[in-house]
Amino acid sequence: MDQAATDAVNWAGLLTMAALALGFALLAWFLVIKPGKINRKGLDAMALRRGWALTRTAPDHGQGVKFRVTPLDNAGWSCVVTRYVQSETGGAILSTDFESPRVLVSQGMVLIGPAIADASAKTAETMLSQMGGMLEHMLLKKLLGEDIAAEFAGLRLVPNAAPGVTVFATDGTPAQELTQMFVTLMADWRNTYRDERAFPILIATPARTRLRLRVDASDPVMLEAFVKTAILLHDAVGRQ
């Protein structure tokens with residue numbers, strides 16, 4: 001290959017890298033930076049009014065927004081809101097995670113999420129029952145954490161648990177009882193926030209109780225409503 005051809009290849013490679021970098025930058029702008037005009041004063045005022053502490057931290061990787069809400073009365077729960085674009089892949093991470101040390105199950109696991117078609121639910125059941133491979137474990141660890149990923153292997157679909165939800169559980173857990181409680185406590189939230197990504201996903205293990213949204217509740221009104229809803233669950237667990 002002559003020098004001119006070599007230079008052309010090099011320039012093509014540089015242009016490709018520049019295009020990729022520009023693409024990631026635009027993705028970050030539209031998914032994180034542009035919508036990231038967060039009402040910080042509104043969040044601070046809401047937290048102060050509710051008696052909550054709000055602490056902002058940098059995302060683990062990438063650029064965006066991450067903050068943690070905790071109660072000033074040391075009630076034990078916490079809520080972490082995350083919105084950022086990963087530097088390495090350009091993928092967007094949007095989530096809101098409420099966590100309580102109070103537990104709903106003494107063993108096993110219950111997972112409650114939005115309704116999906118029966119065929120899709122059976123497919124998901126099959127996939128969950130076959131968990132254990134390195135790829136599956138890595139995906140679950142990324143989504144839900146190391147401790148929860150290890151507990152997915154025994155999950156089975158709970159048929160006809162309740163309208164509007166899909167329930168997976170391990171044997172010997174009070175899945176039906178928890179589902180009824182979940183549906184009742186989440187009713188007002190679901191009537192207001194109907195987007196499926198804003199459907200609270202309940203993950204109950206012997207280690208903790210977790211309520212997760214697949215969207216960042218970084219708006220003061222939405223965040224307050226979600227935490228209030230999650231506290232209903234936290235308090236209900238305390239009365240178990």
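Predicted model: local features only at pLDDT ≥ 70, side-chain atom pairs only at ≥ 80, totals over all residues.
Colleague: Which residues of H2 are buried?

Modeller: In helix H2, residues 40–50, they are Gly42, Leu43, Met46 and Ala47.

Colleague: What puts them on the same side of H2?

Modeller: Their arc around the axis is only 130°, and therefore they share one side of H2. Lys41, Leu48 and Arg49 are exposed on the other side of the helix.

Colleague: How many aromatic pairs does the structure hold?

Modeller: Five.

Colleague: Why is the pair of Trp52 and Trp77 called edge-to-face?

Modeller: The centres of the two rings are 5.7 Å apart, and a pair requires centres within 6.5 Å. The planes of Trp52 and Trp77 stand at 90°, while edge-to-face asks for over 60 degrees. The pair is therefore edge-to-face.

Colleague: Where in the chain do these two residues sit?

Modeller: Trp52 belongs to strand S1 (residues 52–57), and Trp77 lies in the loop between strand S2 (63–71) and strand S3 (78–85). They are 25 residues apart, and the pair links distant parts of the chain.

Colleague: How do you know that Trp52 counts as buried?

Modeller: Buried means under 20% relative accessible area. Trp52 has 7% relative accessibility, so Trp52 counts as buried. Trp77 has 4%, so Trp77 counts as buried as well.

Colleague: What makes the pair of Phe182 and Phe199 tilted?

Modeller: Their ring centres are 6.1 Å apart and their planes are at 35°. Stacked needs planes under 30 degrees apart and edge-to-face over 60, with the rest counted as tilted. The Phe182 and Phe199 pair is therefore tilted. Phe182 is in helix H6 (residues 175–192), and Phe199 is in the loop between H6 and strand S8 (201–204), 17 residues apart. Both Phe182 and Phe199 are buried.

Colleague: Which residues do ring pairs link into a cluster?

Modeller: Trp52, Trp77 and Phe98.

Colleague: How do you know that strand S5 and S8 pair?

Modeller: Two strands pair if there are at least two bridges between them. Strand S5 (residues 110–114) and S8 have three bridges, in the antiparallel sense. In one of them, Ile112 has Leu202 of S8 as its partner.

Colleague: What joins S8 to strand S9?

Modeller: Four bridges join S8 to S9 (residues 209–213), and the two run antiparallel. Ala204 stands opposite Thr209 of S9. S8 and S9 form a hairpin, with four residues between them.

Colleague: Which way do the residues of S8 point?

Modeller: Ile201 and Ile203 point one way, Leu202 and Ala204 the other, and all are buried.

Colleague: Why does Arg212 count as buried?

Modeller: The relative accessibility of Arg212 is 14%, and the cut-off is under 20%. Arg212 therefore counts as buried. This residue is found in strand S9.

Colleague: What makes the approach of Arg212 to Asp97 a polar contact?

Modeller: The two side chains make the contact at 2.7 Å, and the limit for such N or O atoms is within 3.5 Å.

Colleague: How many helices and strands does the chain have?

Modeller: Seven helices and nine strands. The chain has 240 residues, and 42% of them count as buried.

Definitions and conventions:
Residues numbered from 1 in each chain as written. Heavy atoms only, no water. Phe/Tyr/Trp six-rings, centres within 6.5 Å; stacked < 30°, edge-to-face > 60°. Buried < 20%, exposed > 50% of the residue type's maximum accessible area, 1.4 Å probe, protein only. Arc of directions from axis to C-beta. Polar contact = N/O pair within 3.5 Å; in protein donor to acceptor, adjacent residues only side chain to side chain.
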